[in-house]
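I opened a new page for this chain. My plan was to look up the overall build, then a few single residues.

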Amino acid sequence: MKILKFGGKSLAYDGGFDKAINIILEKVHQQEKFAVVVSAIGNATDELEEILEKAKKNEVYQVQLENFKKYQQRNSAADLNPEFELLEKLFEGVALLGDYSKKIKDNVLAQGEVISGKVVTQALKEKGINANFSDTRQLIKTDAKFGNAQPVDVISRKNVQNHFATNNGTTVNIVTGFIASSTDGETTTLGRNGSNFTASLLANYLDAEELQSFTHVDGIFTANPDLVPDAKKIDQLSFEEANEIATFGATILHAKTIIPLIEKKIPLRILNTFNHTHNGTLINAENSRKGIKSLSVLENVTLVNLEGRGLLGKPGIDARIFRVLAQNNISVSIISQGSSERGIGFIVNAVDAQKAKAAIEAEFELDFYTNDVSSVYLTENVSVISIIGQELATFNKPYDALIRNQIVPILFNNTVTGKNVSLVVERVQLKKALNVIHSEIFGITKKINLVIFGHGTVGKTLINQLLESRENIIQRKGIELNIVAIANSRQFIFNAKGVSKQWESELQTSIQKSSIETILSAVKEQHLGNLIAIDTTASKDFVSNYVELIKNGFDLVSANKIANTKEYSFYKNLRENLHFYQKNYLYETNVGAGLPLIDTIRLLHHSGENITRIRGVFSGTLSYLFNTFSATDKNFSDVLNEAIEKGFTEPDPREDLNGNDVGRKLLILARELDLSNEFSEIKIQNLIPENLREGSVEEFLNRLEELNPIYQNTKNNQNENHVLRYVGDLSGDLSVENGANLEVSLVSVPQESSLGQLKGSDSIFEIYTESYGEHPIVIQGAGAGAAVTARGVFGDILRLAEKSK
Ligand SMILES: NC(=O)C1=CN([C@@H]2O[C@H](COP(=O)(O)OP(=O)(O)OC[C@H]3O[C@@H](n4cnc5c(N)ncnc54)[C@H](O)[C@@H]3O)[C@@H](O)[C@H]2O)C=CC1
Ligand SMILES: N[C@@H](CC=O)C(=O)O
């Protein structure tokens, strides 16, 4: 036979009760053999406890009692008068005495289960079922520890087996959970979660084939889904794993429930009354998945700290602390003591914190005078996260993930035998911490949250590339690149689940004003971790937000060259912050768009290779301009317009023509070699005549033809078989500070030379090193363009995402 157990919410009248009855009916029609264990209906136990407290304090409880009776009776024909009358008498007595014993309390609470058993039995009888109300006070015998009585197995087993021997067959026994009686016949209860315990005892005594516990959730989850939206239901757990979870806080399961089942290897299935065809969580003897983990939380706790130099090596300090806490009925959940014994910290429920502090202060009063104890203080508003099933050997992963996301646990400890690590975090960080740990441990896919600043030529291409490749990257890499926000300088859109393919129109109509503060608070509100900010602007101002982003947990990816080319103090401060907050900053596209240049130079330099010179055509725009202009009869201005149209140029094309963009690239490379040059030190040949340098972009573009005679002349005045190339050259002694020459100029080179053979918008970089001698390492390829640049930014994002995997 099977044992079915229905919890209070499953029997509440707001939907659960009828569903529970239907489940029972369905099973009867399928000719299953089973007994049903019931909890009290709805919140009956809590309500009875509240009324009891009111009666004790001589407060008016009668209205609440009447409401209780009305709710419990609802439209049932069950005769509940004996229970109601007993309750009235008990409450009257408590009100008169102004107190109650645990025995009285058990008697009061027991009525909830009796009422429930009678009501369910009556409802089934009305449906034509041969239901039989079974009061477990006649069956399960316990010691006299009221409130948390222990069953006397020998007697209880015999009683249960005898009862079921005569009351089985076509009968459906509706059995009260939670309640029992002492060997003297007094009503006892089995402690909170006692109905599950009753069901589990019955399953054991009757050698049941399965215990089905009907709850209001789909099963046991990897974390509380209210706090972790990505929490997953666990399909199967071994008894040992379930025991760990039960011990560390899962309210749905209690450790003592499992023990009688383990003894007889009886499977326990956690099911949902409201979704009963769902397979739920099966707990059995099978060890199918080793290392299952789940996260449990103690939300409202306080850390109590006791500090003092005189504690070192002094025996009995801990004993005194815990004795005084025990005397005050204060339970301690986590204890941490440093090996120097200069302090001890422990976690108590927030409601007990002040009491605990006062009790310890009183206990150690004399030690304050002798200065052995210096302070007792509370760290309030903290929470405990327990990672159940977590071995210390792999704890580095969730711990690193927390640090990466700027959550530093206040303390952590592990159990020596069970696999369980608990962390104390600030309560404001609880949700984020849970989600970060959950994603690290359970995330089949790792979610990386992206905030994109700027959606111009490069940004827009990047966003579309990211949206198009989303599924593919999930499949291939197990990484979900989730664009949570897109911002321009005026407005932004935000969606924690990821922006849609209609992002452009949504952004146009968005009323959310763009500012670093509003974006950061939107991110914070959603407790998002694994954050990357992507700068695809060309803004000189925006880079001043980088440090703020870093401080708020963002890694950075940038196509914008400004941050790397501002004054050296800014450059250095940015890196100091990156180092301090352990954040990353990638900017491969700053030089050579999608070409793997910065990474190559960094690798060579860090491996000790002496780079002696870097020379080449650094600008895709100017490469296209002079390659095409040299090889065709087209006007200079027409070719320049083509470069603008192809998306090669900077937002202001004068930044290419005046040599600043190439200068910046040269400076970025120099700084990669640990040189602290400033932009002002670069010798730059400006290709724009002075009279065209001022004014707006539009005005400049309208006067492009004025460039034609100048460059036609330059072209004509070259030696034969020579072509024009705009070249950047980092030379001199690159191994010493102030030894480098940074120069950008237009040169005429033989057509047959490596620079002379360049085509299209290709950039070329010749990297000379000591080991490679006269034969430089050459990196060549498209040096500009939205698609290649966006791909390069994409590459940086993936690199960071993989790093955090
Ligand atoms: N086009 C190319 O081939 C390459 C470009 N880059 C760099 O990529 C960056 C973007 O270039 P493009 O897309 O061509 O420029 P773009 O001008 O088309 O796009 C930049 C966008 O950023 C927006 N923006 C400006 N300030 C902002 C702020 N404070 N917050 C949010 N958005 C802001 C602008 O409204 C604009 O839509 C530049 O820094 C450029 O140097 C780097 C390598 C190659
Ligand atoms: N305008 C730049 C774009 C890449 O940095 C260029 O043309 O090289």
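I looked up contacts along the chain, where contact means heavy atoms within 4.5 Å. Among contacts between residues at least 6 apart in sequence, 71% join residues at least 24 apart.

I noted the ground rules. This is a predicted model, in which local features need pLDDT of at least 70 and side-chain atom pairs count only at pLDDT 80 or more, while totals for chains, interfaces and linings use all residues. Residues are numbered from 1 along each chain as its sequence is written, chains are lettered from A and ligands numbered from 1 in the order in which they are written, and side-chain values use heavy atoms, with hydrogens and water left out.

**Overall build**

I found 29 helices and 29 strands in the chain. These are DSSP runs numbered from the N terminus: helices are H or I with at least four residues, strands E with at least two.

I checked the extent next. The radius of gyration of the chain is 37 Å, whereas a compact globule of 805 residues would have one near 28 Å. That radius is taken over C-alpha atoms, and the globule rule is 2.2 Å times the number of residues to the power 0.38. Along the principal axes, the C-alpha atoms fill a box of roughly 115 × 75 × 50 Å.

I then looked at burial. Buried means under 20% relative accessible area, exposed over 50%, and partly exposed in between, with a 1.4 Å probe and protein chains only. By that rule 54% of the 805 residues are buried.

**Ser 116**

I located Ser 116 in helix α6, residues 102–126. Is Ser 116 buried or exposed? Ser 116 counts as buried because its relative accessible area is 0%. Leaving aside neighbours within four places in sequence, I listed its contacts as Leu 11, Val 38, Ser 39, Ala 40 and Ile 41.

**Gln 236**

I placed Gln 236 in strand β9, residues 236–238. Its relative accessible area is 16%, so Gln 236 is buried. Which side chain does the side chain of Gln 236 meet in a polar contact? The partner is Asn 284, at 2.8 Å. A polar contact is a pair of N or O atoms within 3.5 Å; within protein, one must be able to donate a hydrogen and the other to accept it, and residues adjacent in sequence count only if both atoms are side-chain atoms. I also noted the backbone oxygen of Glu 286, 2.9 Å from a polar atom of the Gln 236 side chain.

**Glu 241**

I found Glu 241 in helix α9, residues 239–247. Glu 241 is buried because its relative accessibility is 13%. Its C-alpha atom is 8.8 Å from that of Asn 287, which is 46 residues away along the chain.
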